[in-house]
Amino acid sequence: MAPPTYGDLGKSARDVFGKGFHFGLVKLEAKTTSATGVAFTSTFSQNLASAKVLGNLETKYKCKEHGLTLTEKWNTDNTLSTDITLEDKICKGLKLTLDTSLAPQTGKKSAVAKATYKHDKCTINADVNLDPNGPVVQGAAVAGYQGWLAGYQMSFDTAKSKLTRSNFALGFTAKDLTVHTAVLDGQQFTGSVFSKVAPDIEGAVEVGWTAGSNATKFALGAKYSVDKDSSFRAKVNNSSEVGLGYQQRIRDGVTLTLSSMIDAKNFNQGGHKLGLCLELEA
């Protein structure tokens, strides 16, 4: 099995802290697939503080015999994007993508060419934005050996002939345990641990430290699956922000998620946030 991409290192721990929480939002997501195999996903969300409404519509069509996937997106900011992907056709493990976007109101447009190659011992990916003023080249590689993972990520601005990002990561993955550490530009140090404590309990720890400022971050998170249809989530950080979430599958294709963020440090001053998400799938 190929190692994950650099961006997916430590994903198990991040999911414990990120999934199932929609603080300050009311969100509706609907998914369906047509008889011809076209998948439609529409998402609408409202920020409870600003009352701003955002909407997204995505269509995806896969042509499996040719290894092609076509994805088109539109949002209420009137931005159109198209994603064309060719996978495992030129050679096994190679994935090529062209991602384009256009904002008709402003005329702003962009295009990014992406390539990912996966092998049993390594995963390599590179992105190049097709900017005539000087593309930015981003690349990453992850090597794996007997559960150990080592990765490097960089970004090079050709217009300035400058390396703008240089990150290192080291981790270990076992059946029920994932450990991840990273150094970002030699200034930020992060780490996380994910553990499946029991078949129905997941736990995670995240830490971070910034050189110079001595600013530190610390967070604990957990997920408890009551049964196959419901689960509880909780997290807390060193800023005394407590997040709680409850997810319930009401019926096949209908899932409701409730969440709240409590500022325990300023409990009497308010500023707490609630969130609701309804997911529909047919």
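Is R249 buried, partly exposed or exposed, judged by its relative accessibility? In this predicted model, R249 counts as partly exposed because its relative accessibility is 31%. The side chain of R249 meets that of D229 in a salt bridge, and this pair links distant parts of the chain, with R249 in strand β17 (residues 241–251) and D229 in the loop between β15 and β16, 20 residues apart. R249 also forms a salt bridge with D252, and K228, D229, R249 and D252 are linked in a network of such bridges. Whereas D229 is partly exposed, at 23% relative accessible area, D252 is exposed, at 63%.

| Salt bridge | N to O distance |
|---|---|
| R249 and D229 | 2.7 Å |
| R249 and D252 | 3.9 Å |
| D15 and K11 | 2.9 Å |

D15 and K11 are separated by about one helical turn, because they lie four residues apart in helix α1 (residues 11–18).

Beyond its neighbours within four places in sequence, A169 is in contact with Y6, L9, L149, A150, G151, H180, T181 and A182.

S230 lies in strand β16 (residues 230–237) and counts as buried, at 7% relative accessibility. Outside the four places in sequence on either side, S230 is in contact with S225, Y246, Q247 and Q248. Among the elements of the chain, β16 has the highest mean pLDDT (97) and strand β15 (residues 215–227) the lowest (94).

Technical notes
Residues numbered from 1 in each chain as written. Predicted model: local features only at pLDDT ≥ 70, side-chain atom pairs only at ≥ 80, totals over all residues. Heavy atoms only, no water. Helix = DSSP H or I, 4+ residues; strand = E, 2+ residues; numbered from the N terminus. Buried < 20%, exposed > 50% of the residue type's maximum accessible area, 1.4 Å probe, protein only. Contact = heavy atoms within 4.5 Å. pLDDT = per-residue confidence, 0-100. Salt bridge = Lys/Arg side-chain N within 4 Å of Asp/Glu carboxyl O.
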